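Trainee: I am new to this structure. Could you take me through its features, with the general idea before each case?

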Amino acid sequence: MPKAGSEIVIKNRRASFEYEFLENYTAGIVLCGTEIKSIRAGKASLVDSYCYFINGELYVKNMHIAEYWWGSYNCHDPRRDRKLLLNKKELRKLQRATKEKGLTIVATRLFIAGNGYAKLDISLAKGKKEYDKRQSIKEKDMKRESSYRIK
């Protein structure tokens, strides 16, 4: 019997300001111990998290999942590197893309799927220059002003 998906969604808001997203993927995460309980409690952060390859496998670094407050058995390291689960075809495509200059893989969103498993949305991203950041700020301001005028 499938579990209902929860409303827990943890976003990396800074990533959309720092990077331009080219492709998006949804990956499973290999978790241990009480990490899933902490995620369901909303005690996770994606600030400064990114993905890298080791021996053809994709890992996420700097993703913080707080220790579970209720118990002390089988506790985990909050900032440990966690393996991501993707198809071989997707892994090869991402590995080739990251060898290009200026491209990286950034974690954008952590959520609980409908089947009860934790999933991580990752994006192949290109870093924005200073003038790109200024342009995106202008676009947000224009959008905000136009929404005020409509009301």
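Trainee: Where is Asn-62 found?

Mentor: In this predicted model, Asn-62 sits in the loop between E5 and strand E6 (64-65).

Trainee: Is Asn-62 buried, exposed or partly exposed?

Mentor: Such labels rest on relative accessible area: under 20% is buried, over 50% is exposed, and partly exposed is in between. Asn-62 counts as partly exposed because its relative accessibility is 25%. Its backbone is worth a look too: phi of Asn-62 is near 70 degrees, a positive value in a residue other than glycine.

Trainee: What is phi of Asn-55?

Mentor: Asn-55 has a phi near 50 degrees, which is again a positive value in a residue other than glycine. Asn-55 belongs to the loop between E4 and E5. With a relative accessible area of 76%, Asn-55 is exposed.

Trainee: Where is Asn-12, and is it buried or exposed?

Mentor: A loop residue has to be checked by its own value. Asn-12 is in the loop between strand E1 (9-11) and helix H1 (13-18), and it counts as buried because its relative accessibility is 9%. To see what lies around it, set aside residues up to four places away in sequence: Asn-12 then touches Leu-46, Val-47, Ser-49, Val-106, Ala-107 and Thr-108.

Trainee: How do I read the loop that holds Lys-43?

Mentor: Start with its place, then go to its contacts. Lys-43 lies between helix H2 (35-40) and strand E3 (44-45). Its relative accessible area is 48%, so Lys-43 is partly exposed. Beyond neighbours within four places in sequence, Lys-43 is in contact with Ser-38, His-64, Ile-65 and Ala-66. Sequence and space can also be set side by side: Lys-43 and Ile-10 are 33 residues apart in sequence, and their C-alpha atoms are 9.0 Å apart in space.

Trainee: Which element holds Glu-35, and is Glu-35 buried or exposed?

Mentor: Glu-35 is part of helix H2, and at 0% relative accessibility it counts as buried. The side chains of Glu-35 and Arg-80 are joined by a polar contact of 3.0 Å. Not counting residues up to four places away in sequence, Glu-35 touches Ile-65, His-76, Asp-77, Arg-80 and Arg-82.

Trainee: How many positive and negative side chains does the protein have?

Mentor: There are 32 positive and 18 negative side chains, and the centres of the two sets lie 2 Å apart.

Trainee: What should I know about nonpolar side chains?

Mentor: In soluble globular proteins, nonpolar side chains tend to be buried together. Here the largest nonpolar core has 27 residues, and those with the most contacts inside it are Leu-58, Leu-84, Leu-94, Leu-110, Leu-120 and Ile-122. At least two residues of this core come from each of strand E2 (19-29), strand E4 (50-54), strand E5 (57-61), helix H3 (88-98), strand E8 (103-112) and strand E9 (118-127). E8 gives the largest share, five residues.

Trainee: Which residues is Ile-122 in contact with?

Mentor: Leaving aside neighbours within four places in sequence, the contacts of Ile-122 include Tyr-25, Cys-51, Leu-58, Leu-84, Leu-94 and Val-106.

Trainee: Which strand holds Lys-126, and what does Lys-126 contact?

Mentor: Lys-126 is in strand E9. At 43% relative accessibility, it counts as partly exposed. Apart from neighbours within four places in sequence, Lys-126 is in contact with Tyr-19, Glu-20, Leu-22, Gly-102 and Leu-103. For Lys-126 and Leu-22, 104 residues apart along the chain, the C-alpha atoms are separated by 7.3 Å.

Trainee: What share of the contacts joins residues 24 or more positions apart?

Mentor: Among contacts with a separation of 6 or more, 68% are between residues 24 or more positions apart.

Trainee: How many helices and strands are there, and in what order do the elements run?

Mentor: The protein has four helices and nine strands. From the N terminus on, the order is β-α-β-α-β-β-β-β-β-α-β-β-α.

Notes. Residues numbered from 1 in each chain as written. Predicted model: local features only at pLDDT ≥ 70, side-chain atom pairs only at ≥ 80, totals over all residues. Heavy atoms only, no water. Contact = heavy atoms within 4.5 Å. Lys, Arg positive; Asp, Glu negative; His and termini not counted. Charge placed at Lys NZ, Arg CZ, Asp CG, Glu CD. Buried < 20%, exposed > 50% of the residue type's maximum accessible area, 1.4 Å probe, protein only. Core = buried A, V, L, I, M, F, W, Y, C linked by side-chain atoms within 4.5 Å. Polar contact = N/O pair within 3.5 Å; in protein donor to acceptor, adjacent residues only side chain to side chain.
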